[in-house]
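Visitor: I have a model to go through. Can we start with the backbone and then move on to the domains?

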Amino acid sequence: MRIVWIGFHEEGIKALEGVLSERIKIHALITLNQLKMKERSASTHAYRSICERNGISYYEVDSIKSETAYNLLKNEKPDLVIVLGWSEILPARLLEIPSIGTVGTHAAMLPHNRGSAPVNWAILRGETTGGNTLMWLNEKVDSGKMIEQISFPITIYDTCKTVYDKVSKTNDRMIRNLIARLLTGEKVPGKILPELQEELLPRRKPKDGLICWEQPAKQIYDFVRALTEPYPGAFSYLNGDKWMIWKCSFLSEISLMKRPGEIIGNIYSTEKYSGGIAVACSSGMICIHEMENEAYGKIGGKEIIELGLKGIFEQ
């Protein structure tokens, strides 16, 4: 069985390494070129080194919809195409190439949360259950026949990074299960998913990370952890300076006679990066533990306190 792998996102690495560990041959891998990699969050150059170590033909494209990508895939004559961590919908002519079909995953329990950035949106909305769906891909958005689904909890301690770690583990499990079934000659038809009356999740842009302080502390905490690294991050402005806010904690059951966004004071800790500054929200407060701007770079805990920041974060 000739297999071609398509991906640029970190979420596909564990599954790729897992398949290779079982001595299953991957004949070619297609990823984004260096210029396009820089435009995508959570992209990784690890695919190149994996291909070099395992003798996999390695190709870079600027779009899977390009003529170059079409010709590459056609020339590889795949039986199975695996798409993990790719942001474009594959056109029909590519889907027609593999003799068995093209599979991909979506980091949600479909049909819930179809669309872009499902992990980020799930955390932003305070959802407590996430999951991953393996499906046969078609021309529509996240609408292919389901092969397998795995759910997992999204806890109050998770970030987009830790949730994607869970996604990566389920990618590995489901892809290996599928290949094992196909290698026995089993036909894997998939199941048609029901339609939900939900709008497709919209694509997020870096500018969408602006914090609105007129929200309860829990919502701002969710906002920060949903957008933290490896994504562009949440941000706000203090005294005209833009600050990225990477890590925070929150206290909701408290009433403060302060304006939302106002720095209340310092929170001290013997652990270097556990302290920080307390900031009022519409109700409750957050403590910023790690932040960054052009002048100071990335700083945390004690380093934030020592700056002596005062004032009100604006939105």
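Visitor: Is Lys-77 buried or exposed?

Guide: Lys-77 counts as exposed, at 58% relative accessibility; exposed means over 50% relative accessible area, buried under 20%, and partly exposed in between (1.4 Å probe, protein chains only). This is a predicted model, where local features need pLDDT of at least 70, side-chain atom pairs count only at pLDDT 80 or more, and totals for chains, interfaces and linings use all residues. Residues are numbered from 1 along each chain as its sequence is written, and side-chain values use heavy atoms, with hydrogens and water left out.

Visitor: What about the phi of Lys-77?

Guide: Lys-77 is not a glycine, yet has a positive phi of about 50 degrees. Most residues other than glycine have a negative phi.

Visitor: Which peptide bond is cis at Pro-111?

Guide: The bond from Leu-110 to Pro-111, with omega near 10 degrees. Another cis bond joins Glu-229 and Pro-230, where omega is about 15 degrees.

Visitor: Domains now. Where are domain 1 and domain 2 in the chain?

Guide: Domain 1 is 1–190 and domain 2 is 204–312, with bounds from an automatic or database domain assignment. Their C-alpha centres lie 34 Å apart.

Visitor: How many residues of domain 1 are in contact with domain 2?

Guide: 18 residues of domain 1 are in contact with 14 residues of domain 2, contact meaning heavy atoms within 4.5 Å.
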